[in-house]
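Please have the sequence and the coordinates open while reading this note. The points follow in numbered order, starting with a pair of strands.

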Amino acid sequence: MGQGVGGAAQFREQTPRLSREGGTVMDHVDQPVAHDHELWESFVSEARDRVGQQQARMVSEHGLSGDVQYHWSMDDASIVWSRGGRDFLRGRITVIGSTDHAQQTWLWSWANDSLPQIVLGDITSVRRYGEEHDFPILVWPSFRAEQKPMAQARIIAADVLAAEGLWFEPGDEMDLHFAIHDLRRL
């Protein structure tokens, strides 16, 4: 992404393509859209500090490293961690977004009609935050799944949602990205 006048980065709005379900997904790469890149980077930097501390606290206070297993459910928006076959921690998930390996795109959960309402939590507040601050990456339904913008989107989403942490579920065709809330020991 190039720099424009006054630090405004030039983003390119994507042309529509059909999703696997037959709906239209926007890739946001063909038409230039300007925003205040320095302001965006400042917001991301501040959020990264807060979210990083939250993430480290979640992992250390709840022992979420080493030989930990987990399972999650979209039926009740839950995630449960276990060790040695014994559940020890439960939380609520908000699906932030997904990355499609074949299309190499990120899709915000608020733009994904296939997700149950229960896993969306308050994800629309992230979109509203993007609209209020003129941050296009938070408003576009999808964008290219490049590491930096995906990491920034996850960080801002976790911060806006006041998440206790982030979780990542890798898949063969698609990865899911969660915000974690309401952790409680079992």
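1. Ile-79 has Gly-91 of strand β7 as its bridge partner. Strand β6 (residues 78-83) and strand β7 (residues 86-100) pair in the antiparallel sense over six bridges; pairing here requires that DSSP finds at least two bridges between the two strands. Helices (H or I, at least four residues) and strands (E, at least two) are DSSP runs, numbered from the N terminus. Two residues separate the strands in the hairpin of β6 and β7, where Gly-84 takes a positive phi near 60 degrees.

2. On the basis of the note: this is a predicted model, in which local features need pLDDT of at least 70 and side-chain atom pairs count only at pLDDT 80 or more, while totals for chains, interfaces and linings use all residues. Residues are numbered from 1 along each chain as its sequence is written, and side-chain values use heavy atoms, with hydrogens and water left out.

3. Strand β6 also pairs with strand β5 (residues 69-73), antiparallel, through five bridges. Gln-69 has Ser-82 as its bridge partner in β6. Five of the six residues of β6 are buried, where buried means under 20% relative accessible area, exposed over 50%, and partly exposed in between (1.4 Å probe, protein chains only).

4. The hairpin of β5 and β6 has four residues between the strands, and Ala-77 there takes a positive phi near 55 degrees. Ala-77 is not a glycine. Most residues other than glycine have a negative phi. With a relative accessibility of 2%, Ala-77 counts as buried. Ala-162, also not a glycine, has a positive phi of about 50 degrees. This residue lies in the loop between α4 and β10 (165-169). Ala-162 is exposed, with a relative accessible area of 61%.

5. Phe-88 is in strand β7 and is buried, at 15% relative accessible area. Its C-alpha atom is separated by 5.7 Å from that of Arg-185, a residue 97 places away along the chain. Leaving aside neighbours within four places in sequence, the contacts of Phe-88 (heavy atoms within 4.5 Å) include His-62, Leu-64, Trp-81, Arg-184 and Leu-186.

6. What does the side chain of His-177 make a polar contact with? The partner is the side chain of Arg-154, at 2.9 Å. A polar contact is a pair of N or O atoms within 3.5 Å; within protein, one must be able to donate a hydrogen and the other to accept it, and residues adjacent in sequence count only if both atoms are side-chain atoms. His-177 lies in strand β11 (residues 174-185) and is buried, with a relative accessible area of 2%. Not counting residues up to four places away in sequence, His-177 touches Thr-94, Ile-96, Trp-106, Trp-167 and Phe-168, among others.

7. Rings of Phe, Tyr and Trp (its six-membered ring) pair if their centres lie within 6.5 Å; planes under 30 degrees apart count as stacked, over 60 as edge-to-face and the rest as tilted. By this rule there are nine aromatic pairs. One of them is the stacked pair of Trp-106 and Phe-143, at 5.8 Å centre to centre with 20 degrees between the planes. Trp-106 lies in strand β8 (residues 105-108) and Phe-143 in strand β9 (residues 142-144), so the pair ties together parts that are 37 residues apart in sequence. Trp-106 is buried at 0% relative accessibility, and Phe-143 is buried at 3%. Trp-40, Phe-43, Tyr-129 and Phe-135 form one aromatic cluster.

8. In helix α2 (residues 124-133), the residues Ser-125, Val-126, Tyr-129 and Gly-130 are buried. Seen down the axis of α2, the buried residues fall within an arc of 145 degrees, so they line one face of the helix; the arc is that of the directions from the helix axis to the C-beta atoms. The buried residues of α2 pack against α1 (37-62), β8, α3 (136-139) and α4 (147-160). Just after α2, Asp-134 takes a positive phi of about 60 degrees.

9. For the chain as a whole, the secondary structure comes to four helices and eleven strands. Of its 186 residues, 46% count as buried. Among contacts with a separation of 6 or more, 57% are between residues 24 or more positions apart. The protein chain exposes about 9700 Å², of which carbon and sulfur atoms supply 48%; accessible areas come from the Shrake-Rupley method with a 1.4 Å probe, and for residues only the protein chains shown count as cover.
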